[in-house]
Amino acid sequence: MSRHVDSIQTQAYSQDTLTTKALSRSIEASLWKPHSGKAMLWALLPGGGQIYNRKYWKLPIVWGAFMACFYSVSWNSRQYQDYHAAYRDIMSENPAQNTAWLVFAPAGAKAEDYAQYSSLKQTLKRGNDFYRRYRDLSIVVSVLVYGLSILDAYVDAELYTFDISPDLSLKVVPEVGMPKLGNPSFQLGVNCSLTF
């Protein structure tokens with residue numbers, strides 16, 4: 001009998017311990033407040049600041065922006081390399097031997113007939129300049145997206161305790177002032193009150 005009672009007491013004790021641990025974890029989670037310095041350190045890893053701040057819904061946005069930037073940089077870089085090689089080859093001293101430009105020439109073109117493709121030189125120059133410009137712009141946008149994700153993590157950590165209750169309101173009410181001793185007429189005005 002004593003063994004059975006001890007078993008029941010042990011089970012009750014372990015259930016109380018589990019309940020206490022779960023309650024303490026819940027209290028810790030509700031009292032948790034992010035630090036902006038740690039958020040910035042975590043944000044050095046793309047999306048890390050959003051994970052640290054427990055704003056998981058922002059992860060697809062941050063990672064999607066980084067993937068779009070990566071795709072843009074790599075696409076424009078590949079196109080620039082192709083146009084640059086073709087332009088360099090067609091402008092070289094011997095375009096018949098340097099034939100990267102043949103990819104951009106009309107079907108059936110021969111390397112020996114490079115002189116008749118004078119308009120191709122201008123096309124390759126425009127493509128070279130276009131894709132270099134957009135590759136560089138994609139790199140700048142990528143740096144800005146990275147900085148914006150770090151800034152978002154920092155601001156989110158700083159404003160974590162900012163009150164956003166539904167009681168934020170501006171009330172505009174007409175007001176009638178009582179007459180003063182020297183002025184026997186009523187005074188009309190507008191009373192603005194901001195509640196937060």
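Guide: Happy to; what follows is a close look at helix H2 and its packing in this predicted model. Helix H2 covers residues 36-43, and its partner here is helix H5, residues 118-158. The axes of the two lie 8 Å apart, at an angle of about 155°. Angles over 145 degrees count as roughly antiparallel, so H2 is roughly antiparallel to H5. The crossing of this pair is right-handed.

Now to the side chains and residues involved. On the H2 side, the contact is made by Ser36, Ala39, Met40 and Ala43. H5 answers with Tyr146, Ser149, Ile150, Ala153, Tyr154, Ala157 and Glu158. Sorted by class, the contact has 8 nonpolar, 2 polar and 1 charged residues.

Which residues of H2 are buried? They are Ser36, Ala39 and Ala43. If you look down the axis of H2, these buried residues fall within an arc of 55°, so they line one face of the helix. The general rule behind such a pattern is that an α-helix has 3.6 residues a turn, so residues three or four places apart point the same way. The buried residues of H2 pack against H5 and also against helix H3 (48-52).

H5 has a further partner in helix H4, residues 59-90. Their axes come within 8 Å and cross at roughly 155°, which makes H4 roughly antiparallel to H5. H4 passes H5 in a left-handed crossing, whereas the crossing of H2 and H5 is right-handed. The contact of H4 with H5 has 19 nonpolar, 11 polar and 4 charged residues.

Technical notes. Residues numbered from 1 in each chain as written. Predicted model: local features only at pLDDT ≥ 70, side-chain atom pairs only at ≥ 80, totals over all residues. Heavy atoms only, no water. Axes fitted to C-alpha atoms, helices over the stretch in contact; angles between N-to-C directions. Helix = DSSP H or I, 4+ residues; strand = E, 2+ residues; numbered from the N terminus. Parallel < 35°, antiparallel > 145°, perpendicular 65-115°, else oblique. Left-handed = near helix turned anticlockwise from the far one by under 90°. Contact = heavy atoms within 4.5 Å. Nonpolar A, V, L, I, M, F, W, Y, C, P; charged D, E, K, R; others polar. Buried < 20%, exposed > 50% of the residue type's maximum accessible area, 1.4 Å probe, protein only. Arc of directions from axis to C-beta.
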